Amino acid sequence: MLCSVLRTITYQDILGFLKLVFLKDFDFYEKCYGNGNCNIRANKKSHCKNSESCENEQQAPVRRDKSLFEGINVSELEIGEKLGAGGFGAVYAVKYGSRNFALKKLHRINTKAARESFEAEASTLHLRHPNIVRTLSVFTMDESACILMEFISKRTLQTVISDVEKEDLPEKRRLRFALDISRGLSYAHSKGIAHLDIKPTNILITNNDVCKIGDFGCCQSMETSGNEIPMSPTKSNLTGTYAYRAPELFRGEFSTPQCDIYSTGICLWQMLVREKPYGSKNHHVVIFGVVAYNLRPSIPEDVQCGARYKQIMELCWHQNPLKRPLAKDLAKALEMTIAINK
């Protein structure tokens, strides 16, 4: 029986498997959209909502550097200024026709963490929410994996926090920003995705002063049990930023959406104090303090903090993840606080 199975394996099967393992071709991550477009590497009609469209795609030759997002041809993308850079790649402002986008171009994906980061970003193609930066397409260009996203602005929550002279952050604005973040997280968590790298540099701010969560390169997909706590948690080689990381992750425990709530609590502190969490303390000392002694950033005496704002912040970074509010409950608490303040 085994010999019979082996005889049915073709050269194309082996080639496809090698491409998948070594990620030499990233086209298989491209997703189907509601207009009937299908995954150009799909070999089964079940992967496409429109079987006729899928058959047409299979008959056409596979073209590299061709995105499924509105038939965009990446050779016509006008790459502009660099907006930011990280360990796995850089983000550029790009133009296609009259429309502006953001393009994340990843370095060679030659590590397990880099592959996981790309796969994580690709897994968010289905997310549609006003408080989440929309991922539009993934494709290859110049032998690099690329992620096309909507362009928000050059401002992040971090730039607002740092610009003390020009940017005011009264409690009303802080609460509104926190509400935007919690709403975005509530939606992501309801779709079984934990972001796992919530921090001010990953929160983009629109020209209308609305926060949008971006950079899902550390996110994990997990099956939810209805209360946003995963039934099937997973491990990852991606770690996020230590100052915003939940203590259970330092202890080597599984990731859960409640890790995002902890990070949100640190962001609430940073919007209030407008300083770097833990200052210039050695990160090993900080990690040990967070895990062993429930260390959290302190509020300076000269900084005024509303009682309810402080209560929400401290509840978000509670040592026990089960005592942190769910994202949807955090949003309700923030809505109530905003209403009370009015």
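Residues are numbered from 1 along each chain as its sequence is written, and side-chain values use heavy atoms, with hydrogens and water left out. Because the model is predicted, local features need pLDDT of at least 70 and side-chain atom pairs count only at pLDDT 80 or more, while totals for chains, interfaces and linings use all residues.

The chain contains eleven helices and nine strands. These elements are DSSP runs numbered from the N terminus: helices are H or I with at least four residues, strands are E with at least two. Of the 342 residues in the chain, 46% are buried. Buried means under 20% relative accessible area, exposed means over 50%, and partly exposed lies in between (1.4 Å probe, protein chains only). A contact requires heavy atoms within 4.5 Å. Among contacts in the chain between residues at least 6 apart in sequence, 61% join residues at least 24 apart.

Five strands form an open sheet. Their order is β1-β2-β3-β5-β4, and the pairing is antiparallel. Two strands pair if DSSP finds at least two bridges between them. The edges are taken by β1 (78-85) and β4 (135-141). Each has a single partner strand, so one side of each is left without a neighbour in the sheet. Neighbouring strands are turned by 30° against each other on average, direction ignored. Axes are lines fitted to C-alpha atoms, for helices over the stretch in contact, and angles run from 0 to 180 degrees between N-to-C directions.

Strand β2 (residues 89-96) pairs with β3 over eight bridges, in the antiparallel sense. Tyr-96 stands opposite Arg-99 in β3. The two strands form a hairpin with two residues between them. Gly-97 in that turn has a positive phi of about 70°. On to the next pairing. Strand β3 (residues 99-106) is joined to strand β5 (residues 144-150) by five bridges, and the two run antiparallel. Leu-103 has Leu-148 in β5 as its bridge partner.

Six bridges join β4 to β5, again with antiparallel strands. Here Thr-140 stands opposite Ala-145 in β5. β4 and β5 also form a hairpin with two residues between them. Asp-142 in this turn has a positive phi of about 55°. β4 is mostly covered, with seven of its seven residues buried. Helix α4 (residues 112-122) lies across β3, β4 and β5. The helix runs at about 35° to β5.

The largest nonpolar core holds 53 residues. A nonpolar core is a set of buried Ala, Val, Leu, Ile, Met, Phe, Trp, Tyr and Cys residues joined through side-chain atoms within 4.5 Å. Leu-157, Phe-177, Leu-268 and Met-271 touch the most other members. Helix α8 (residues 258-273) gives the most to this core, with ten residues. Apart from it lies another core, of 13 residues, including Val-91, Ala-102, Ala-122 and Ile-147. Leu-157 touches Phe-177, Ile-181, Pro-200, Ile-203, Ile-205 and Met-271, not counting residues up to four places away in sequence.

Val-273 is found in helix α8. Val-273 is buried, with a relative accessible area of 9%. Val-273 and Pro-297 are 24 residues apart in sequence, and their C-alpha atoms are 9.6 Å apart in space. Lys-199 is found in the loop between β6 (193-194) and β7 (203-205). Lys-199 counts as buried, at 17% relative accessibility. Leaving aside neighbours within four places in sequence, Lys-199 is in contact with Thr-241, Tyr-244 and Cys-267.

One aromatic pair is counted. The rings of Phe-288 and Tyr-293 have their centres 5.6 Å apart and their planes at 70°, so the pair is edge-to-face. Rings of Phe, Tyr and Trp (its six-membered ring) pair if their centres lie within 6.5 Å; planes under 30 degrees apart count as stacked, over 60 as edge-to-face and the rest as tilted. Both Phe-288 and Tyr-293 are exposed.
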